[in-house]
Amino acid sequence: MTSQVGELLKADAVLRIRGGVPLRGEVAVNGAKNSALAIMAGALLCSQECRIRNVPNLVDVHRMGQVLTALGVKVRYDRGALDLDVTHLHRSLAPYEVVSQLRASFFVIGPLLARLGVARVPMPGGCAIGARPVELHVRGLQALGAVVQIEHGMVHAYARKLKGASIYLDYPSVGATETLMMAATLAEGETVIENAAQEPEVVDLANFCRTMGAKIRGAGTKTITVVGVPRLHSTEYSIIPDRIEAGTFMVAAAITRSEVWITPVIPEHVTPVIAKLNEIGFQVTVEAPNAVRVQPGAGVYVGTDIETLPFPGFPTDMQAQFMALLTLSEGSSVVTETVFENRLRHVAELQRLGANIRVKGNHAVIQGVPFLSGAPVTATDLRASAALVLAGLAAQGETVISGLHHLDRGYERLEEKLRGLGADLVRVAA
């Protein structure tokens with residue numbers, strides 16, 4: 001991976017934002033982080049080389065590269081193209097020091113088990129936004145014939161040969177769906193996953209696996225069927241645009257009352273975001289099959305209620321950004337977080353900027369205020385960091401954001417892109 005990402009891992013910096021500056025222009029969206037991480041794990045299913053294009057240059061991608069390297073994969077990243085040579089995959093133990101920082105790295109358990117018959121993966125980590133247990137992964141792998149034991153924080157899985165099975169997920173978990181779908185590609189017979197996650201990133205992973213020869217149908221619906229094959233072959237694949245980054249820029253345009261074009265974006269992936277922006281009073285137009293335009297509406301901007309749900313519902317990864325916008329929308333709004341139990345920690349930081357928010361359980365009641373005022377704030381997780389950037393763009397005076405290691409996990413060159421739209425912000429040493 002590039003030295004830039006390595007430096008991000010060590011960066012001790014703050015972001016200084018002078019708010020109240022209107023934005024204008026066109027902004028480019030990178031490849032989807034969550035697709036990239038799953039597809040990197042999926043490459044383990046192939047015993048040859050793969051090239052993945054449109055891969056964002058992010059800390060999380062770098063960490064997943066470290067996991068693959070530790071397993072014996074040769075990893076080379078160059079300007080958005082990721083080359084993975086899986087010819088010499090021979091290790092079944094994923095490194096704790098990386099898995100503990102990146103939940104998505106747990107996904108390697110499915111491909112490792114399918115390829116090697118054994119996988120040893122530490123319990124996952126990542127943002128402290130909820131428990132996100134792995135029981136669904138474990139029960140699904142057991143249904144496929146694996147023996148799974150959890151000891152001393154390590155998940156040990158063994159299987160001489162995985163066998164197709166019928167699996168029902170109690171919750172449409174993206175991670176469990178992806179893990180089990182990957183494991184089933186090399187299992188004997190047919191696997192049916194019911195109540196599967198329908199997120200676009202699941203579809204992207206399925207499409208990637210299909211280009212390697214996997215037999216998968218139904219991705220994007222509640223029922224995914226996988227017919228196992230003996231082996232998969234090399235491929236070249238380009239991942240989809242990041243719907244969460246696109247949504248973040250859409251809210252950046254809205255919160256600064258600006259006109260911005262966002263491209264590339266797949267409009268149906270951001271339908272809930274478009275719908276809520278329209279409800280608040282902004283005008284969002286699909287200008288092309290891969291572009292949307294956000295511009296101010298003619299009237300006042302009013303609050304709305306949001307409940308996070310699995311796709312195609314409103315994404316939990318856009319909850320914090322919309323909360324920043326709702327602090328400046330007239331009237332009251334209620335945000336209900338149903339996906340993660342600890343994902344309202346950004347409320348305290350928004351309050352430091354002058355937001356009027358009350359929290360009770362997993363509900364946040366927001367009363368719109370005329371303006372926000374710049375202040376020092378600290379990011380608590382990835383999407384909270386984006387929300388604070390957005391709030392800072394709209395606030396009066398200067399906002400100083402620390403905890404940028406969260407931001408760098410999911411946004412490539414965010415400040416550079418915002419400066420390209422006219423924003424006044426700079427990253428400086430703390």
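How are α9 and α10 oriented to each other, roughly parallel or roughly antiparallel? Please keep in mind while reading that this is a predicted model.

1. **Helices α9 and α10.** To take that question up: the axes of α9 (residues 243–255) and α10 (residues 271–280) cross at roughly 10 degrees and come within 10 Å. The two helices are therefore roughly parallel to each other. On the α9 side the contact is made by Gly 247, Met 250 and Ala 254, and on the α10 side by Val 273, Ile 274 and Leu 277. Sorted by class, the contact of α9 with α10 has five nonpolar residues, one polar residue and no charged ones.

2. **Helices α6 and α7.** Here is a second pair to look at. The axes of α6 (residues 135–143) and α7 (residues 174–185) come within 8 Å, with a crossing angle of roughly 25 degrees. An angle under 35 degrees counts as roughly parallel, and α6 and α7 are therefore roughly parallel to each other. The crossing of α6 past α7 is right-handed. By class, the contact of α6 with α7 has five nonpolar and four polar residues, and no charged ones.

3. **Helix α2.** Is this helix mostly covered or mostly exposed? Helix α2 (residues 33–42) is mostly covered, with nine of its 10 residues buried. Among the buried residues of α2 are Lys 33 and Ser 35, and the run continues with Ala 36, Leu 37, Ala 38, Ile 39, Met 40, Ala 41 and Gly 42.

4. **Cysteines.** How many disulfides does the structure hold? The count is zero. For Cys 50, the closest cysteine sulfur is that of Cys 46, at 4.0 Å, which is too far for a bond; the cut-off for a disulfide is 2.5 Å between the sulfur atoms. Cys 50 is buried, at a relative accessible area of 3%. Cys 209 is likewise in no disulfide, and its nearest cysteine sulfur, in Cys 50, is 9.5 Å away. Cys 209 also counts as buried, with 0% relative accessibility.

5. **Cis peptide bonds.** Most residues other than glycine have a negative phi, and most peptide bonds are trans, so this point and the next list some exceptions for you to check. The peptide bond from Thr 263 to Pro 264 is cis, with omega near -10 degrees. Pro 264 sits in the loop between β14 (259–263) and α10. The bond from Phe 311 to Pro 312 is cis too, with omega near 15 degrees. Pro 312 belongs to the loop between β17 (306–307) and α11 (319–326).

6. **Positive phi values.** Arg 257 is a residue other than glycine with a positive phi, near 55 degrees. You will find Arg 257 in the loop between α9 and β14, and it is partly exposed, with a relative accessible area of 31%. Arg 413 is not a glycine either, yet its phi is positive at about 55 degrees. The loop between α14 (404–407) and α15 (414–420) holds Arg 413, which counts as partly exposed at 33% relative accessibility.

Terms used:
Residues are numbered from 1 along each chain as its sequence is written. This is a predicted model: local features need pLDDT of at least 70, side-chain atom pairs count only at pLDDT 80 or more; totals for chains, interfaces and linings use all residues. Side-chain values use heavy atoms; hydrogens and water are left out. Axes are lines fitted to C-alpha atoms, for helices over the stretch in contact, and angles run from 0 to 180 degrees between N-to-C directions. Helices (H or I, at least four residues) and strands (E, at least two) are DSSP runs, numbered from the N terminus. Angles under 35 degrees count as roughly parallel, over 145 as roughly antiparallel, 65 to 115 as roughly perpendicular and the rest as oblique. A crossing is left-handed if the near helix is turned anticlockwise from the far one by less than a right angle, and right-handed if clockwise. Ala, Val, Leu, Ile, Met, Phe, Trp, Tyr, Cys and Pro count as nonpolar, Asp, Glu, Lys and Arg as charged, and the others, Gly among them, as polar. Buried means under 20% relative accessible area, exposed over 50%, partly exposed in between (1.4 Å probe, protein chains only). Contact means heavy atoms within 4.5 Å.
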